[in-house]
Amino acid sequence: MDHYLQLNGLTKTYGDFTALKEVDLAIGKGEFITFLGPSGSGKTTTLMIIAGFEKATAGDVLVEGKSLSGLAPHERNIGIVFQNYALFPHKTAVENVYFPLQMRGVSRSEGLKRAEEMLGLVGLSGFGQRYPKELSGGQQQRVALARALVFEPSLLLLDEPLGALDKNLREQMQIEIKRIQRTLGVTTIFVTHDQTEAMSMSDRIVVFEKGSIQQVATPLDIYHKPRTRFVASFIGESNIIEAAAVEPAARKATAEHIGEIEYGPSELDVEKGTPVTLMIRPEHIRLSRDPKEGRRNVRMKVETIVNYGDNALVIGRVGDLSMRVRVLGADVVIIKEGEDCHISWTPDSVYMIAK
Amino acid sequence: MRLIGVLVVVFIAAPLVIVVPMSFSDARSLQFPPPGYWLGYYHAYFTDMNWLRPTWNSILIATATMVVTMVLVVPATFALVRHRFAGKSIADLMMLMPLAVPHIVMAVGYYSFLGDLRLVHTHLGVVLAHTCLSVPIAFLVLSANLKGFDRNLERAAQSLGASPVKTFIHVTLPILRPGLIISALFAFIQSFDETVVAIFISGRDAETLPRKMFDSIRQEADPVIAVISTLLFVVVLVALVAPFAWRGLRNRIQMNASRSAPPAGQ
């Protein structure tokens, strides 16, 4: 990874409360990075420090090796799209997009021309003369995006920009934002608490919790190799099993109610007899009436079946342990609530989590 | 319910409407219904310096009051709405105090206070007193506007390269403009309308229109009062209708302009 944007030991405290503790991160040029986390996890605080609206208690932000800490927000050349878009209500769409150029001393005729071009790129040619209140939510979003990009910022920050849109429009805008970002190659940080947004858009995801970074990885690695328990439970659904390592060399552990359980390759070194945390994703578990041959089978009592049409979530108990299993919609007919069944999995789908 | 509605409208509108025919009356004093009609009292108003001078005084004093009020209120509102500081709640209270104290009490206070400063019976004295009364009203209007102001707009402007001063000029001020205009208008009207304090301190030289009207109705009930009331009524009516008319006109122009543009929608 090259180091286009660097966060070095960013810390932010408000009185006794630590909003951010020693956040370190390096982002490459042109990357699409998502800050993912629940509200109050520090992701927006980090964004505001990068933009210059908040001052870090300690630490520094560097773009291409140069510190931003002495610069006011208007000197940073960073484009931001806010959750509520923050379009200027007294200016038309094209005047909104022209604004950053106007501030940089670009002449009105030249600036309006570039603003129109940018509106074209976001798919809004012909809408320039409208006022923000005459545009739909999705269109306002595009104007805000055009305005944040027209001055060729060194960074694009998106602060939960899709939160106010309905589901269909949100998916459409996800694809659209990704397309525009690729076209321009601008380094982008996208803040969200929506894991599907993070999954579908990002080159890498940064998971925040309680003011610190839990994991930085590609969407696939975040999903399949979560580093911490929090990441495993925050992204997607998971079955967490507390176990004790029996034979670390053979990747074998033992868990209450389940008994012996094998797990997949792991970078973690564990000593024999130490407690380990294992994770299985619900869709990696197979459900059947009879034991499957060649796999580790466990008996489960089915408690609840939630049918989604194309798939179903089966919640059951193995002893005292609650387990969740995803099955294809067509397979759900084999089982009823209150019945016993067998669940099985392969060792590769069992992943060991650090803590 | 409908009857009550009609009654309310009648009670509110009747005093307004009644002065209009009275202003065209040819009676020697205020009288309704008028025995006959002529325009003599309009002529009397526009030629009599005893009426024109107070009118001019009122306009002058109200304008000065408006300017001084806004100079004080704009920074004060920004400070009180956006910043926290020691003594803020006391400052808040002091701003609104003149609303709670009866005008007659204020008037007596100003009379003795401005008397010591030798400002009684001067324009400046009246302007200062009226400003004290206008400040809370202008403050209330403007602070309501400022509280509803989305600060992300200013952050957006700064992220787009506008310095704090440019942000204020290009974003904050234009968006707050309606609030500023309304609060200035309230300051103006409050002064133009004010009678109690004016009676105490305006004297001969700075005599305002409401004071002159009050004196006149006590002494002779000159129908010119009805003329002035009618004129003020017309001015207010025009001021109320004009924005709507202007908006309607602009919409029509825009409709015509956008008829050739592509339709809205997603």
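How many helices and strands are there in chain B? Select that chain and colour it by secondary structure: chain B has 11 helices and 0 strands, where helices (H or I, at least four residues) and strands (E, at least two) are DSSP runs, numbered from the N terminus. Followed along the sequence, chain B reads α-α-α-α-α-α-α-α-α-α-α.

Before you go on, note that this is a predicted model, in which local features need pLDDT of at least 70, side-chain atom pairs count only at pLDDT 80 or more, and totals for chains, interfaces and linings use all residues. Residues are numbered from 1 along each chain as its sequence is written, and chains are lettered from A and ligands numbered from 1 in the order in which they are written.

Next, zoom out on chain B. Its C-alpha trace spans about 70 × 60 × 40 Å along the principal axes. Buried residues (20 or more other C-beta atoms within 10 Å of their own, with C-beta atoms placed from the backbone) make up 29% of the 266 residues in chain B.

Now show both chains and look at where they meet. The contact (C-beta atoms, placed from the backbone, within 7 Å) takes 19 residues from chain B and 25 residues from chain A. On the chain B side, select helix 7 (151-159) and helix 8 (164-193), the elements that give two or more residues. Helix 7 of chain B gives the most, with 6 residues.

Definitions and conventions: Contact = placed C-beta atoms within 7 Å. Buried ≥ 20, exposed ≤ 12 C-beta atoms within 10 Å, placed from the backbone.
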